[in-house]
Amino acid sequence: MKEGIFRAVSREPFAQALHMSLTALSLGHSIVEMTYDPVLMNNIYARAHGGALFALIDEAFETASQTHGDIAVALNVNVTYIKSPEAGDRLVAQADEVAATRKTATYAIKVTNGGGDLVATCQALAYRTGKPVPFHAD
C-alpha cells in the first residue's frame, strides 16, 4: 500500500506542478513538503496564496487518508491560516488521524516552515467509500 501511494503522488500532475514531495507515510499519518515559490504561489498582495497552502494541506490529507487501503474522499476541510511563509521557505504539512469509524475519519493537519513556525492548521473529515484504492498493487 505504502509504495503504491508514493508512486501515485510521484505521478500526480498537481503535486508535481507545485513540486510537492511525500516524505513520510504510515497508517493514518503523512508528511508532504514543498518549497514556497512566490513566482508560482503569490496572491495579489505579494503574499502566499491560500490556495497554495491549501493544496499542500490537501495532499497530506489525501495521502494519510488512503493508508487504510480504501478510497477516502474529503467531506469537510477547515483551514486556519496563521502566518504567511517567506520566499524559499520549506513548508511541511503533517497529517495525523485522530479518530475513525468504519465510514469516516478525522485528521489534524499542521503546516510549519523550516524554522518550525506554525503556518496553518486544519481539521479535515474523510468519507471512506469502502472501495479499494486502485494503485495498491501496481
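Modeller: A salt bridge here is a side-chain nitrogen of Lys or Arg within 4 Å of a carboxyl oxygen of Asp or Glu. The model is a predicted one, and a search of the whole structure finds four such salt bridges.

In general, the strands of a sheet pair through backbone hydrogen bonds, either parallel or antiparallel. Strand β5 (residues 104-112) and strand β6 (residues 118-132) pair in the antiparallel sense over nine bridges.

Now the salt bridges. The side chains of E33 and R90 meet in one of them, at 3.1 Å from N to O. This pair links distant parts of the chain, with E33 in strand β2 and R90 in strand β4, 57 residues apart. Is E33 buried or exposed? With a relative accessible area of 19%, E33 is buried, because buried means under 20%. R90, with a relative accessible area of 30%, is partly exposed.

E86 forms a salt bridge with R47, and their closest N and O atoms are 3.3 Å apart. Here the parts linked are loops: E86 is in the loop between β3 and β4, and R47 is in the loop between α3 (38-41) and α4, 39 residues apart. E86 counts as partly exposed at 44% relative accessibility, and R47 is partly exposed with a relative accessible area of 34%.

D117 forms a salt bridge with K83, the closest N and O atoms being 3.0 Å apart. D117 lies in the loop between β5 and β6 and K83 in the loop between β3 and β4, 34 residues apart, so this pair too links distant parts of the chain. D117 counts as partly exposed at 32% relative accessibility, and K83 counts as partly exposed at 38%.

Back in helix α4 lies T63, which is buried, with a relative accessible area of 2%. Leaving aside residues up to four places away in sequence, T63 touches I5, V9, L22, L25, S30 and V32.

Note on methods: Residues are numbered from 1 along each chain as its sequence is written. This is a predicted model: local features need pLDDT of at least 70, side-chain atom pairs count only at pLDDT 80 or more; totals for chains, interfaces and linings use all residues. Side-chain values use heavy atoms; hydrogens and water are left out. Two strands pair if DSSP finds at least two bridges between them. Helices (H or I, at least four residues) and strands (E, at least two) are DSSP runs, numbered from the N terminus. Buried means under 20% relative accessible area, exposed over 50%, partly exposed in between (1.4 Å probe, protein chains only). Contact means heavy atoms within 4.5 Å.
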